Amino acid sequence: FWGGRYTFQNYHTAVPNQYYACDFVISQNNVSHTGNGALNEQYFCFNSPVLAPGAGRIIRVVNSIDDNVPGIMNPNFPAGNHVIIGHGNNEYSLLAHFKKGSITVNVDDSVSVGQEIGKCGNSGNSSEPHIHYHPQNSSELSHGDGIPSQFQNYLANDSFVTRGEPIKGQRISNVNP
């Protein structure tokens with residue numbers, strides 16, 4: 001939904017640690033939900049598995065923030081339920097807005113790339129169910145600078161990308177090359 005290096009593609013670029021952030025939803029026919037979208041359960045991504053973007057060690061877990069009613073955000077806990085993974089070399093991943101109680105990893109656990117770490121939710125400063133992801137050079141939630149993350153072997157609008165960065169409006173899906 002949001003991604004890219006320019007403000008017109010990605011409002012996150014205004015915040016130094018979120019400069020390379022992406023927000024991911026699941027859509028069908030360019031719509032992210034069924035019905036009127038008034039319930040989290042109407043969103044295609046709600047309760048979907050969230051996978052670790054890379055191997056590392058769990059640095060932080062918050063798992064007790066209530067999910068929002070769609071359209072009502074919680075600015076008191078911007079990241080909502082979230083996980084920070086340390087990958088080494090001063091690289092960290094923040095994944096945010098998990099479903100309350102769904103995170104399955106704990107601080108100091110080791111994770112492997114592609115390992116399920118929780119379920120997509122709508123907690124924190126989130127207007128609808130989605131997952132926020134950004135890499136940064138600090139283990140602190142709102143500190144440091146964003147660092148680029150190269151996604152590998154995926155489809156962007158049905159075109160194969162060996163290595164790249166998703167941008168706003170692209171339809172992204174996994175492939176096996």
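The model is predicted, so local features need pLDDT of at least 70, side-chain atom pairs count only at pLDDT 80 or more, and totals for chains, interfaces and linings use all residues. Residues are numbered from 1 along each chain as its sequence is written, and side-chain values use heavy atoms, with hydrogens and water left out.

**The sheet**

- Three strands form an open sheet in the order E10-E9-E11, and their pairing is antiparallel.
- Strands are DSSP runs of E with at least two residues, numbered from the N terminus, and two of them pair if DSSP finds at least two bridges between them.
- Strand E10 (159-164) and strand E11 (172-174) are the edge strands, each pairing on one side only.
- On average, neighbouring strands of this sheet are turned by 45° against each other, direction ignored; the axes are lines fitted to C-alpha atoms.
- Strand E9 (residues 151-156) runs antiparallel to E11 and is joined to it by three bridges.
- Leu 155 has Ser 173 in E11 as its bridge partner.

**Positive phi angles**

- Most residues other than glycine have a negative phi.
- Asn 29 has a positive phi, near 55°, and lies in the loop between strand E1 (22-24) and strand E2 (49-51).
- Asn 29 counts as exposed because its relative accessibility is 76%; exposed means over 50% relative accessible area, buried under 20%, and partly exposed in between (1.4 Å probe, protein chains only).
- Asn 90 also has a positive phi, near 60°, and sits in the loop between strand E4 (81-88) and strand E5 (91-98).
- With a relative accessible area of 45%, Asn 90 is partly exposed.

Conventions
Helices (H or I, at least four residues) and strands (E, at least two) are DSSP runs, numbered from the N terminus. Axes are lines fitted to C-alpha atoms, for helices over the stretch in contact, and angles run from 0 to 180 degrees between N-to-C directions.
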